[in-house]
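Reader: Hi! Could we chat about how the helices pack in this one?
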Amino acid sequence: MSAQTQSVDTGKPPRSGKRSRSWVAARVNPFLLLALIFIPVMAWQWYDTRDQIAGLQHELAKRLAESDASGKESRNVAVEATEAGRRIETKVNLLEAKLAESQSQQLALEALYQELTRNRDEATLEEIEQLLLIANQQLQLASNVKAALIAMQEADARLQRIDRPQLSPLRKILSQDMDVLKSAPYLDTVGISLRLDNLAASVDALPLEMELRPKENASSGGAIPETGNIWLRFAREAWEDVKRLVRIQYMNKPDIALLSPSQAYFLRENLKLRLLSARHALLARDVASFKADLDASVDWISRYYDNESKPVANILESLHQLRNSEVGIELPRISASLDAVRNYRIARDRGNR
């Protein structure tokens, strides 16, 4: 092949063998030189590549180990997070159950509070109605303006404690009735009734005129000394006793009524009935009957009782004062507030149904 190459390249005949070997050696050396240069370079590159690959493998193994450790830690964290999530979910479910129970209890308490509030308001309205009814009774039956006003003020105070806007019209009507009652003239019906009761109770102690007795005069005879005759003392004492059996009295009024014990008893009882009838007429605001009963009482006392005695004079003075007192005062009506409370309760009951 080298001979063919040589003949192709030069076109000359080949030379001797020694010269051709040297020429071939001269022609082969660059390749060898390149091979000698290229092989170490390639070996070094292979070694360096291998070293880099080994480093990369080591780094990759290290990273894989770290990634595996991180994955394990992440899995552990995920497991712990899952357990924590489960615990939190359990707690949340428990809290939701407690919240639902608390809400149901709150609703029950609100319903109970509403029921108690309705019951309390209803009881308070009943008390207010009773107070206004008492005020009307005190005013109509006893003409006691002061007691009626006190009852109405207490009713207004209880309305104020309820503090409901819908009760404002009731308080307004009640305030109007109280203003009307305050402007009414005052009549001490209770005081007059008590005075009549006391006068009726003192009738039994009044002395009748026929029971009046003159004062006994002292004995004109001198006292018998202790050392005197005992028979003389006995005779004098017997004479004094005989003189007391019969008494002669001169009366200034020849027409003094002489009453038997039963008649005196019925006189006192009828006089008491007259005074109690006057008290009843006072409470009923019957002025004519009141004055007629007092006039009859004054007439009976003046006719049958001892007008000179102090108790009789005192009772006559009291009866005259009562006779001249003004008891025919027309008191106002305060039924508007009572009707308003009743109508409000009826409307409230219908609304609750």
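This is a predicted model: local features need pLDDT of at least 70, side-chain atom pairs count only at pLDDT 80 or more; totals for chains, interfaces and linings use all residues.
Reader: At what angle do helix H5 and helix H9 pack, and how far apart are their axes?
Author: Residues are numbered from 1 along each chain as its sequence is written, and side-chain values use heavy atoms, leaving out hydrogens and water. H5 (residues 189–201) and H9 (residues 310–324) pack at about 150°, their axes being 11 Å apart. The two are therefore roughly antiparallel (angles over 145 degrees).

Reader: Which residues make that contact?
Author: From H5, Ile192, Arg195, Leu196 and Leu199; from H9, Ile315, Ser318, Leu319, Gln321 and Leu322 (contact means heavy atoms within 4.5 Å). They divide into six nonpolar, two polar and one charged.

Reader: And what about H3 and H4, at what angle do they pack?
Author: H3 (residues 145–162) and H4 (residues 168–182) pack at about 160°, with axes 10 Å apart. That makes H3 roughly antiparallel to H4.

Reader: How do the residues of that contact divide?
Author: Into ten nonpolar, two polar and four charged.

Reader: Switching topic: how many aromatic pairs are there?
Author: The count is one aromatic pair (ring centres within 6.5 Å). The rings of tyrosine 265 and phenylalanine 266 have centres 5.4 Å apart and planes at 70°, so the pair is edge-to-face (planes over 60 degrees apart).

Conventions:
Axes are lines fitted to C-alpha atoms, for helices over the stretch in contact, and angles run from 0 to 180 degrees between N-to-C directions. Helices (H or I, at least four residues) and strands (E, at least two) are DSSP runs, numbered from the N terminus. Angles under 35 degrees count as roughly parallel, over 145 as roughly antiparallel, 65 to 115 as roughly perpendicular and the rest as oblique. Ala, Val, Leu, Ile, Met, Phe, Trp, Tyr, Cys and Pro count as nonpolar, Asp, Glu, Lys and Arg as charged, and the others, Gly among them, as polar. Rings of Phe, Tyr and Trp (its six-membered ring) pair if their centres lie within 6.5 Å; planes under 30 degrees apart count as stacked, over 60 as edge-to-face and the rest as tilted.
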